[in-house]
Amino acid sequence: MDVVLGIESSCDETAAALVRADGTVLAQAIASQDDRHAPFGGVVPEIAARAHVERLAPMIDRVLDEAGMTLSGCAAVAATAGPGLIGGVMVGLVTAKALAMASDRPLLAINHLEGHALSPRLADPRLGFPYLLLLVSGGHCQILLVEDVGRYRRLATTIDDALGEAFDKTAKVLGLGFPGGPALERLALAGSPQAVPLPRPLLGSPEPHFSFAGLKSAVVRAHDSGAHAAADIAASFQQAAIDCLLDRLELAVGRLDQAPPALVVAGGVAANAAVRAALLRFAHAHGLAFGAPPPALCTDNAAMIAWAGLERLAAGGAAARAGDALDVAARPRWPLDPGAEAVRGAGVKA
Ligand code: KG4
Ligand code: ZN
């Protein structure tokens with residue numbers, strides 16, 4: 001049965017994994033760089049790229065050793081080729097090219113977002129197409145209809161910040177350090193979600209897009225007023241964000257000719273238990289099945305990249321087996337749905 005080596009280096013996680021076509025993760029390793037970026041309060045691209053250079057090659061050796069395999073036993077080498085911080089993406093992609101060339105294996109250049117989008121099928125092999133996907137990460141906040149491998153229809157995106165970015169910025173305001181999402185979730189447990197009046201940007205607006213910049217500014221004002229405990233701000237922020245997600249999803253689902261049978265969530269923010277619980281309730285209220293990968297598969301990892309490669313091999317036949325050309329370029333931006341219209345007010349997010 002096919003085994004694919006996956007490599008991920010698009011942000012601040014260096015990761016390698018070997019995954020088999022039946023979804024078994026034979027071996028995986030992941031190194032976060034939090035300690036290196038924490039002093040700067042955010043990911044520094046140059047530091048990230050250098051850390052990937054130091055860590056990736058020995059990590060790949062380790063996962064191959066752990067699985068008792070060599071590269072020649074792999075069906076392909078899959079690496080994130082974008083979107084992401086270009087220096088880091090290049091480290092992973094160039095490494096994959098060298099390994100593919102040396103072992104005469106095909107190279108699969110994977111869209112990082114496709115890794116997130118297909119990760120629910122790695123977690124649950126029974127999940128079939130189509131499904132509605134809420135992709136919430138540090139760089140993206142999108143609602144997508146996943147029709148098949150390689151066929152993604154974007155229904156909504158953010159016009160300013162991604163949701164993970166909003167969590168991180170709010171955490172920074174509250175002095176929770178970096179990365180902020182998990183710390184903010186923990187603090188929110190001690191607060192009241194109704195304590196601080198915060199806006200729900202775009203709630204009720206006619207297109208299902210997202211906006212979080214105004215919410216973050218309101219958090220800054222609430223914090224600066226000195227009138228609220230940090231835990232109450234954290235809990236109220238999280239609730240406002242969840243209310244926005246549910247309102248926008250409601251609109252997106254209602255606009256589909258036919259609702260898909262399942263709602264799934266993926267990306268780093270999908271690790272958040274309050275977000276997962278709210279989405280589960282929403283799905284059940286709308287007669288949809290609900291799927292969420294385990295938290296370790298939600299945040300950046302290489303198993304999802306290997307899995308996206310396996311999905312391509314399974315779906316694409318001979319053409320997919322030939323792999324991508326060895327001169328394929330790393331891409332800082334790479335939308336999953338190239339046909340999606342640009343959104344008024346949207347920044348440069350893919
Ligand atoms: O998918 P991911 O690992 O990287 C990107 O592709 O962006 O997502 C990282 C984002 C960060 O903004 C992080 O704060 C957020 O996901 N995150 C969380 C939680 N765990 C990670 N946000 C809220 N609650 C969490 N438990
Ligand atoms: Zn990601």
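Domain bounds here come from an automatic or database domain assignment. The model is predicted: local features need pLDDT of at least 70, side-chain atom pairs count only at pLDDT 80 or more, and totals for chains, interfaces and linings use all residues. Residues are numbered from 1 along each chain as its sequence is written, and side-chain values use heavy atoms, without hydrogens and water.

Domain 1 (3-117 + 297-336) and domain 2 (129-296) both contribute residues to the lining of the largest pocket, so this pocket lies between them. A pocket is an open set of points on a 1 Å grid over the protein atoms alone, where a 1.4 Å probe fits, with protein on both sides within 12 Å along at least five of seven lines; lining residues have an atom within 4 Å of a point. The largest pocket is lined by 44 residues. Cys 11, Ser 137, Gly 138, Gly 139 and Asp 168 lie nearest its centre. Helix 5 gives the most to this lining, with six residues. Helices (H or I, at least four residues) and strands (E, at least two) are DSSP runs, numbered from the N terminus.

Five strands form an open sheet in the order 3-2-1-4-5, with mixed pairing. Strand 3 (25-32) and strand 5 (107-111) stand at the edges, each with a single partner strand, so one side of each has no neighbour in the sheet. Strands pair if DSSP finds at least two bridges between them. Strand 2 (residues 13-20) pairs with strand 3 in the antiparallel sense over seven bridges. Ala 16 stands opposite Ala 29 in strand 3.

Technical notes: Chains are lettered from A and ligands numbered from 1 in the order in which they are written.
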